Amino acid sequence: MRRKRRRYGARRKEKKINMHVISEILMWVFQIAVVLAFAFVIVYYAGEQISNIGDSMSPALENGDVVLVNRFIYKVKSPQMGDLIVFKPNGNENSHYYIKRVVAGPGDTVQIKEGFLYVNDELVTDLPVGKISNAGMAEEPVSVEKDTYFVIGDNPNSSEDSRYADIGNVNLKDIEGKPWYVLSPKQRRGRLK
């Protein structure tokens, strides 16, 4: 009978759980979960990839350039004059993303006279917007309403933008974010200005 008791006691020691090992495992699981959550947030808010379609933003962006978009920035601040933005026109989910430059914001008036951009009756010279051959709706003064932005491509003669009724002023809620980095092609890789 003594032998059976010893065996039973030995089995009990094997079943005893080492709390230190469990504590270490739980700490590793927690650290991995935190790293994965952090990576998800970074990729979601700063790593969305969008392809530029067309030559409307040349030379800043060329057709086919893939850019990373900061989706967080316009949740904490408003787009500024000169910012590049990514949006879907009129919130149309079936449309591709557009990338254009903000030239006027809420409360501004935009007009194109003799091929030149005027905001609030002042000639705009500090933006890389070339001479404009077709003023579209901006031939007459266009008011930019609350929470909307007037956008134009850097190459306006090859751009579908706020000058046309199917785009018009871009609503803040339709802005996806701000492109900040050219990911490809490799020879154009770098930060956008």
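Hi everyone, let's start at one residue: Asp147 sits in the loop between β8 and β9. Strands here are DSSP runs of E with at least two residues, numbered from the N terminus. What we have is a predicted model, so local features need pLDDT of at least 70 and side-chain atom pairs count only at pLDDT 80 or more, while totals for chains, interfaces and linings use all residues. Residues are numbered from 1 along each chain as its sequence is written, and side-chain values use heavy atoms, with hydrogens and water left out.

Back to Asp147. This residue has a positive phi of about 60 degrees although it is not a glycine.

You'll find Asp121 in the loop between β6 and β7. Asp121 is exposed, with a relative accessible area of 62%.

Those two strands, β6 and β7, run antiparallel and are joined by two bridges. Two strands count as paired if DSSP finds at least two bridges between them. Across that pairing, Tyr118 stands opposite Leu123 in β7. In what order do the four strands of the open sheet come? The order is β7-β6-β5-β8, with antiparallel pairing. At the edges are β7 (122–123) and β8 (142–143), each pairing on one side only.

Now, the inside. A nonpolar core is a set of buried Ala, Val, Leu, Ile, Met, Phe, Trp, Tyr and Cys residues joined through side-chain atoms within 4.5 Å. The largest such core has 16 residues, and Val103, Val110, Ile112, Leu117, Phe150 and Ile152 have the most contacts inside it. At least two core residues come from each of β4 (98–104), β5 (109–113), β6 (116–119) and β9 (148–152). A second, separate core has 11 residues, including Ile73, Val102, Tyr149 and Val151.

Let's zoom in on Val110. Leaving aside residues up to four places away in sequence, Val110 touches several residues, among them Leu117, Val119 and Phe150. Contact means heavy atoms within 4.5 Å.

Last stop, two prolines. A cis peptide bond joins Ser58 and Pro59, with omega about 10 degrees, and Pro59 lies in the loop between β1 (48–51) and β2 (66–70). The bond from Ser184 to Pro185 is also cis, with omega near 5 degrees; Pro185 is in the loop between β11 (175–184) and β12 (190–191).

Note on methods: Buried < 20%, exposed > 50% of the residue type's maximum accessible area, 1.4 Å probe, protein only.
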